[in-house]
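The following exercises concern the chain shown below.

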Amino acid sequence: MSKPRIGIIISTTREGRFGERVARWVAEQAASRTDIETEIVDLRDYPLPFFDYIASPRFVPIDTPEARKWSGKLAELDGYVFVTAEYNHSVSGVIKNALDFVFAESARKPAAFVGYGAVGGARAVEHLRQIVVELSMVPLNRAVHINMEPFMGLIRDGKDFADYPYLAPTVVTMLDELAWYAQTLKTGRELEAQKAAA
Ligand SMILES: Cc1cc2nc3c(=O)[nH]c(=O)nc-3n(C[C@H](O)[C@H](O)[C@H](O)COP(=O)(O)O)c2cc1C
C-alpha cells in the first residue's frame, strides 16, 4: 500500500509573505515521518484568473491550461495542509479563488490547517473548514495556530520556531490525525474504484 501524498499549500502569494516560512517549517517536521510523503504546493506556481466561468466545477470542469495544472496537482495528492494567513478575518482572496476552480480532484480527501496571525489565524481556519467541506473534503480538528506572541517574534523580532518549543508538538498532533485520515480515505477511494471497475 503506497503512502499518502500530502500537499502543504502556501495560501498567500504577496511579496515578503510569512506563509512560505511556515510551510517550510511544517515540511521540515514532516520529512522524518514514515507514514506520509509531503511536498510544498505554492500558489505562486499556479496563477489563476478570477473565476469567471459558466458554472461551478462541480458541474463543469474548468478546461483551461492553468486550471488543469492546479486541479491536476490537487488530484495527485491524498490530503492537504492549508498554511493560511488571516486577511480581514478570513482567508486570502487568492486561496478562495483557487478553491473555486476545483471539485472532484479534492473530494473525499482530508484537509488540515496551520494558521498564523493575531489570533493564530483562527477565523481564517474556521472559514476554510466551511469552504472545503462544500468541496467534499474532510476538514480536520487538530490545527496548528501561531498566535500573536510567536507571530510577532517570528516576523518582527528575529526569532526562530525553535524559540517557541510548544509549537512543534502541535504540528506532530496535526500530522498524526492527517496521516490517519489520509490513509483511511485513500483506502476507501481505492476500494470504490475497484468496485466500479469490476
Ligand atoms: C489585506 C490584509 C488583511 C489582514 N487582516 C488581518 C486579520 O484580519 N487578522 C490578522 O491576524 N492579521 C491580518 N493581517 C496581517 C497578517 O496576519 C500578516 O500580514 C501576515 O504576515 C499575512 O500573511 P502573509 O505574510 O503570508 O501574506 C492582514 C494582512 C493583510 C495584507
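**Exercise 1: Pairing around strand E3**

Valine 81 has alanine 112 of strand E4 as its bridge partner. The model is a predicted one, in which local features need pLDDT of at least 70, side-chain atom pairs count only at pLDDT 80 or more, and totals for chains, interfaces and linings use all residues. Residues are numbered from 1 along each chain as its sequence is written.

Task. Determine in which sense E3 and E4 pair, and over how many bridges.

Solution. Helices (H or I, at least four residues) and strands (E, at least two) are taken as DSSP runs, numbered from the N terminus. Two strands pair if DSSP finds at least two bridges between them. E3 and E4 are joined by five bridges and pair in the parallel sense. On E1, glycine 7 has tyrosine 80 of E3 as its bridge partner, and five bridges join E1 to E3, again a parallel pair. E3, H3 and E4 form a right-handed β-α-β unit; a crossover is right-handed if, with the strands pointing away from the viewer, the path from the first strand over the helix to the second runs clockwise.

Task. State which residues of E3 point each way, and whether they are buried or exposed.

Solution. A residue is buried if 20 or more other C-beta atoms, placed from the backbone, lie within 10 Å of its own, exposed if 12 or fewer, and partly exposed in between. Gly79, Val81 and Val83 point one way, Tyr80, Phe82 and Thr84 the other, and all are buried. E3 is therefore mostly covered, with six of its six residues buried.

**Exercise 2: The E1–E2 pair**

Task. Identify the bridge partner of arginine 5 in E2 and the helix that links E1 to E2.

Solution. Arginine 5 is bridged to glutamate 37. Strands E1 (residues 5–10) and E2 (residues 37–42) run parallel and share six bridges. Between them the chain passes through helix H1 (residues 19–30), in a right-handed β-α-β crossover.

**Exercise 3: Arginine 108 and serine 136**

Task. Locate both residues and explain why each counts as partly exposed.

Solution. Arginine 108 is in the loop between H3 (93–100) and E4 (110–116); it counts as partly exposed because it has 14 C-beta neighbours inside 10 Å. Serine 136 is in the loop between helix H4 (122–134) and strand E5 (138–139), and its 13 C-beta neighbours inside 10 Å likewise make serine 136 partly exposed. Contact requires C-beta atoms, placed from the backbone, within 7 Å. Not counting residues up to four places away in sequence, arginine 108 touches Ser136, Leu185 and Arg189, while serine 136 touches Ala107 and Arg108.

Note on methods: Two residues are in contact if their C-beta atoms, placed from the backbone, lie within 7 Å.
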